[in-house]
Structure formats: C-alpha cells, structure tokens
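User: Hi! I'm new to reading protein structures and would like to go through one step by step. Could you help me?

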Amino acid sequence: MSISRRMMVLLALGLFLVAVTASAQDGKWHVTGDNGEIVKVLPPPAAVQAQENHGLGTQIPTSVNGLSVFNASYGAVPGVLNDHGGAVVSNAAFQPIFYNGATAASLQSGIDSFVNNFSGSVPGMTVIVQYSKTGNTISSTVTHVADFVDNKAAPRRISDSGVQSYLTGLFNAGSVSANNHTIYGVYLPQGTVSTSGSARSCTNYCGYHSSYTYNGITVLYAVFPYNDCSGCSLSGKTVVDMETIVTSHEIREAITDPVNAWWESSSGYEADDKCAWHNLYQQTGGAWVQPEYSNALAGWPRGCVTP
C-alpha cells in the first residue's frame, strides 16, 4: 500500500472513531438541541432497552433504615457519578407552568399534590443531599412556587427554542419571576409535539431539562409533553402518573446536574438516568415516582433507593 493511500485510510479511520465517540457521548439520553447544544432527555422506556443492564435492576441484599436498594439499570454497575465541577442548585424551587386551561384542568391537581409531597420525601428527595458541594448545599425540600396557568392556544408543535422564547415572554411580562434557583416546569397541551433539534417527544423522549441565559441569569427549565402517546405510556399508569414519574426525574436532575455538575464519566448518565423506568413506587399521597441513584456518599448505600 502506498504512503498516500495508507494516510487516507488512517485519516478515514480517525474520522470514523471521532464519529463513533460523538455518537456514544450523545447516545439515547442526550440529543442535539436547536442550536447544536447537548440537551439531556428522558427517552421512552422501549427506546432505551438496548442500553439496559438486563436483569441488573434487581434488589441488592442491602437496606438502610428500612429502605430498599436496587442495582442500577443503566450505565456502569455498580457505577460512580463524578463531580465535574459545575454548581448544583441550593434551595431549589419548582414552578409548574401550564400552557393553557385545558392542560391545567387535566394535570394541575395531580402535579400540585405530587410536588407538595415530593418536597422533603424519604428517600425521594433526601437521597440527593449527598450531591452537595462545599458552600453549595442541596436541600431535601423544594419550594412549590405558585402555579402559572396560561391561556394560549395549543400549538401543533413547539421547539426547544420556542419554549425558551415562551418563558422569556413570561419573564418580560412579569407573569413569572426569573431567577437561577427555580426550575420552570412547562406542561404542554394534549396533541402538541415537542421538538429539540431533530428529536421529538414520544419518539425520542418523554421529557427533558435544559438551561439558557436571560438577562445574565441561568434559567433552569424542564419540558413535559402531554404523555398520552404509546411511546410514553406504561401499562396501568394514567397520563398524570406518567407526568409525575417524568417530573420526579427532571426536578432531581436539574438540581444535581443543572450545568455540568454530577454525572457518570464512563457513560454520560445522570443520577436519575441510572434508575429510569425501573422499580417505580408511589410516594406519600399516591403519586408515582422513580427511584434516585445513590453514589454511596454521606452514609447512603450505592444503588437505586426506594422505600
């Protein structure tokens, strides 16, 4: 083989490896957003089966204070989350934003009950305190900021950039106050397709969290499509059940990894990713939530923790 041809082969191999690495980094849990940024999503249950540690989402013969611990269903087992230097959210708040009255009528009472009981819940929120940093302490409570119910017509489609523009409009109008510790949960109407880049709700994700800058403030937000589609449904679960499961996932991830804080270096999974769609349980009040991953810090065992 000539030197020039050998160089061409090596160059092609290098480009292939770069492409494979980029694909592995993004994977099924990250999508490329409207502006080329990485957006962290919760894929539909069936869409991630190939990445599942089959049979490993089983109970570990370990319990602490009556709590059960399960192996992670995704990523490394036992797996370690790494501190990547970004800040976590201290004294977090959550504000549900319902796109219109019909959305509120269907979801609001269930979401409100979930948020009120999720705050301070054991182990739902207490387990994430271990991801605190020096001078940047995570609280087990999350303040429920008064809901905002809008009156907009349901769009057929709304992009991630469209959600950001929508929130900016609410901030500019004074309808919602902007700060860097509230997670703004945007609940979309039935029939509205959410998109982020080329990814779309139901096919690629059931919800996601992200951030953008508004007047120098890092705005944290989560987007919740109306999960009545086949991809984002589970047997025996109502739409409200699906929304509270996804909301529990996104609230905790927005707190523990708002912008490059805690995630597993070997796989890219965030804490809630490692326990997604397995060992779901009902918290006080009856809302369905998913387990949170414990990194074996502050006396917690390693694994997905449930009551």
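**A walk through the chain**

Analyst: Happy to! Three strands form an open sheet in the order β9-β11-β12, and their pairing is mixed. Please keep in mind that this is a predicted model.

User: Which strands stand at the edges of that sheet?

Analyst: Look for strands that have a single partner strand. Such a strand has one side left without a neighbour in the sheet, so it stands at an edge.

User: In what sense do β9 and β11 pair, parallel or antiparallel?

Analyst: Strand β11 covers residues 193-196, and three bridges join it to β9. As one example of how the strands line up, Arg157 stands opposite Val193 in β11. The sense of the pairing between β9 and β11 is parallel.

User: At what angle to β9 does helix α3 run?

Analyst: Helix α3 takes in residues 160-173. This helix lies across both β9 and β11. Its angle to β9 is about 80 degrees.

User: How many strands does the chain have?

Analyst: The chain has 307 residues, and 50% of them are buried. Four helices belong to the chain. The number of strands is 19.

User: What share of the contacts between residues at least 6 apart in sequence joins residues at least 24 apart?

Analyst: Here we take the contacts in the chain between residues at least 6 apart in sequence. Then we ask which of these join residues at least 24 apart. That share is 70%.

User: How many disulfides does the structure hold?

Analyst: We can go through them by name. Cys202 pairs with Cys229, Cys206 with Cys232, and Cys275 with Cys304. With the bonded cysteines numbered in sequence order, the pairing reads 1-3, 2-4, 5-6. The number of disulfides is three.

User: Is the disulfide of Cys202 and Cys229 left-handed or right-handed?

Analyst: The sulfur atoms of Cys202 and Cys229 are 2.2 Å apart. Cys202 sits in the loop between β12 (199-200) and β13 (207-214), while Cys229 sits in the loop between β14 (217-224) and α4 (239-256). Because the torsion about the S-S bond is about 120 degrees, this disulfide is right-handed.

User: What is the handedness of the disulfide between Cys206 and Cys232?

Analyst: In this disulfide the sulfur atoms of Cys206 and Cys232 are 2.1 Å apart. The two cysteines are 26 residues apart, with Cys206 in the loop between β12 and β13 and Cys232 in the loop between β14 and α4. The torsion about their S-S bond is about -95 degrees, so the disulfide is left-handed.

User: Which strand holds Cys304?

Analyst: Cys304 forms a disulfide with Cys275, their sulfur atoms being 2.1 Å apart. Cys275 lies in the loop between β15 (262-263) and β16 (281-282), so the pair ties together parts that are 29 residues apart in sequence. The strand that holds Cys304 is β19 (residues 302-306).

User: How many residues apart in sequence are the parts tied together by Lys40 and Asp257?

Analyst: Lys40 and Asp257 form a salt bridge, with their closest N and O atoms 2.5 Å apart. Lys40 lies in strand β2 (residues 38-42), and Asp257 in the loop between α4 and β15. The pair therefore ties together parts whose separation in sequence is 217 residues.

User: Is Asp83 buried or partly exposed?

Analyst: Asp83 meets Lys133 in a salt bridge, at 2.5 Å from N to O. Lys133 has a relative accessible area of 15%, so Lys133 is buried. Asp83 has 42% relative accessibility, so Asp83 counts as partly exposed.

User: Which residue forms a salt bridge with Glu264?

Analyst: Glu264 lies in the loop between β15 and β16, and its partner, ten residues apart, is in the loop between β15 and β16 too. Both residues of the pair are buried. The N to O distance is 2.8 Å, and the partner is Lys274.

Notes. Residues numbered from 1 in each chain as written. Predicted model: local features only at pLDDT ≥ 70, side-chain atom pairs only at ≥ 80, totals over all residues. Heavy atoms only, no water. Buried < 20%, exposed > 50% of the residue type's maximum accessible area, 1.4 Å probe, protein only. Contact = heavy atoms within 4.5 Å. Disulfide = S-S within 2.5 Å. Salt bridge = Lys/Arg side-chain N within 4 Å of Asp/Glu carboxyl O. Pairing = 2+ DSSP bridges. Axes fitted to C-alpha atoms, helices over the stretch in contact; angles between N-to-C directions.
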